[in-house]
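Welcome! Please take a moment to look over the model below, and then we will walk through it together.

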Amino acid sequence: MASEHHLPSTTDLARELEQIRREHDIALKDRPEHARALEQRIHKLEAELARQK
């Protein structure tokens, strides 16, 4: 039986992007060393959303 690859929906990506942005805002104050990784994740999610639109 072949497994199907599930791509996240635009809504799922948008929700994840909002969550990562909130975490990024917190990290800028509390954990600046973690903020860079979150910025990279934000850019990846934005690119994925742009591809799906």
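What is the relative accessible area of glutamate 46, and is this residue buried, partly exposed or exposed? Keep in mind that this is a predicted model. Glutamate 46 has a relative accessible area of 32%. Buried means under 20% and exposed means over 50%, so glutamate 46 counts as partly exposed.

Glutamate 46 sits in helix α2. Setting aside its neighbours within four places in sequence, glutamate 46 is in contact with Leu17 and Arg21.

Helix α2 covers residues 32-52, which is 21 residues. From its first C-alpha to its last, helix α2 reaches 31 Å, close to the 30 Å expected at 1.5 Å a residue.

Which residues of α2 are buried? They are Ala35, Leu38, Ile42, Leu45 and Leu49. These residues cover an arc of only 85° around the axis, so they lie on the same side of α2. The buried residues of α2 pack against α1. On the face turned away from the buried side, α2 carries the exposed residues Glu33, His43, Lys44, Ala50 and Arg51.

Now for the partner helix. Helix α1 spans residues 10-30, and alanine 14 lies in it. Alanine 14 has a relative accessibility of 28%, so this residue counts as partly exposed.

| Pair | Apart in sequence | C-alpha to C-alpha |
|---|---|---|
| Alanine 14 and leucine 49 | 35 residues | 7.4 Å |
| Alanine 14 and glutamate 46 | 32 residues | 8.5 Å |

What makes up the largest nonpolar core? It consists of nine residues: Leu13, Leu17, Ile20, Ala27, Ala35, Leu38, Ile42, Leu45 and Leu49. Both helices take part, as α1 and α2 each supply at least two residues of this core. The largest share, five residues, comes from α2.

Isoleucine 20 is one of the core residues. Not counting residues up to four places away in sequence, isoleucine 20 touches Leu38, Arg41, Ile42 and Leu45.

To recap, the buried residues of α2 pack against α1, and they lie on the same side of α2. Glutamate 46, where we began, is partly exposed and touches Leu17 and Arg21.

How values were computed:
Residues numbered from 1 in each chain as written. Predicted model: local features only at pLDDT ≥ 70, side-chain atom pairs only at ≥ 80, totals over all residues. Heavy atoms only, no water. Helix = DSSP H or I, 4+ residues; strand = E, 2+ residues; numbered from the N terminus. Buried < 20%, exposed > 50% of the residue type's maximum accessible area, 1.4 Å probe, protein only. Expected span 1.5 Å × (residues − 1). Arc of directions from axis to C-beta. Contact = heavy atoms within 4.5 Å. Core = buried A, V, L, I, M, F, W, Y, C linked by side-chain atoms within 4.5 Å.
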